[in-house]
Amino acid sequence: YVCSTWGNNHFKTFDGDVYQFPGVCEYNFVSDCREAYKEFSVHIQRALNSNGHPEIQYILIKIKDIMVYLKPNLVVVDGRIVKTPYYTSGVLIESNDIYTKIYAKLGMTLMWNQQDALMVELDNKFNNHTCGLCGDYNGIQIYNEFINGGAYNAITYGNMQKISKPSAKCEDPDETQALPSCNEHRDECRKLLTSPAFADCRLRLNLEMYIQACMQDKCACNGKEDSFCLCSTISEYSRQCSHAGGRPGEWRTQNFC
């Protein structure tokens with residue numbers, strides 16, 4: 001019941017499809033799309049930071065009639081900067097130096113590492129009712145029709161989730177661009193993700209998905225030994241493993257991540 005985005009523009013839908021979408025506009029990450037009155041919506045805006053890596057600049061969350069605007073180390077509720085922990089009708093916001101978390105009584109938990117990684121968990125009462133980059137949450141993976149030469153590719157799909165803002169200056173990513181095959185990095189990525197620290201994660205997660213994401217990261221970094229390229233997908237694997245009830249061991253070291 002988790003949708004997430006991390007690192008080099010990776011997205012994992014509620015139904016488990018993983019794709020890459022490098023858009024830098026404001027997008028509908030996930031919203032309740034049942035009828036005129038939406039119970040919640042989450043919009044995100046990404047941009048490249050000074051190192052050229054994509055980061056989430058801000059997140060805009062509407063829960064019932066409450067508007068929450070998040071930036072790193074900043075929480076604004078209905079236009080007012082607030083100190084955390086902050087509680088208002090059915091919404092609790094907590095933050096520390098690393099994470100900002102929002103718990104909403106209507107059945108949503110949101111967790112952001114104030115950089116590249118955002119995770120939203122939704123109650124299954126929203127099955128079949130969501131739209132946005134996180135997909136429709138109907139329990140059916142549509143990876144084949146969604147990516148492999150079907151009706152949409154990932155970029156077309158992503159571009160459709162753009163929030164239209166007259167003042168926004170941002171280009172849609174090119175829909176004809178194919179992902180490079182990054183097979184030369186497969187062994188290295190596999191080795192990192194099957195290290196003994198992750199022994200408890202193997203049966204809980206789809207390993208191949210994270211190997212593919214790691215391979216794309218390595219490609220994008222063109223051999224630069226940059227911690228962003230190496231660590232973001234491994235961090236996500238570790239987070240998802242914990243979330244699935246696993247216990248990742250100590251995988252970070254002084255010189256690695």
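Predicted model: local features only at pLDDT ≥ 70, side-chain atom pairs only at ≥ 80, totals over all residues.
Residues are numbered from 1 along each chain as its sequence is written, and side-chain values use heavy atoms, with hydrogens and water left out.

Begin by selecting residues 2-160 as domain 1 and 183-244 as domain 2, bounds that come from an automatic or database domain assignment. Their centres, taken over C-alpha atoms, are 22 Å apart.

Next, select the interface, where 19 residues of domain 1 are in contact with 16 residues of domain 2 (heavy atoms within 4.5 Å). About 1400 Å² is buried between the two domains, with carbon and sulfur atoms giving 63% of it; buried area is the accessible area (1.4 Å probe) that two parts lose on being put together, summed over both. Now pick out Trp6, His53 and Met119, which supply 36% of the area that domain 1 buries against domain 2, more than any other three residues.

For polar links across the interface, look for the 6 residue pairs in polar contact, both residues at pLDDT 80 or more; a polar contact is a pair of N or O atoms within 3.5 Å, where within protein one must be able to donate a hydrogen and the other to accept it, and residues adjacent in sequence count only if both atoms are side-chain atoms.

Finally, colour strands E1 (2-6), E2 (10-12), E3 (18-20) and E14 (118-122), each of which supplies at least two residues of the side of domain 1 that touches domain 2; strands (E, at least two residues) are DSSP runs, numbered from the N terminus. E1 gives the largest share of that side, 3 residues.

Note on methods. Helix = DSSP H or I, 4+ residues; strand = E, 2+ residues; numbered from the N terminus.
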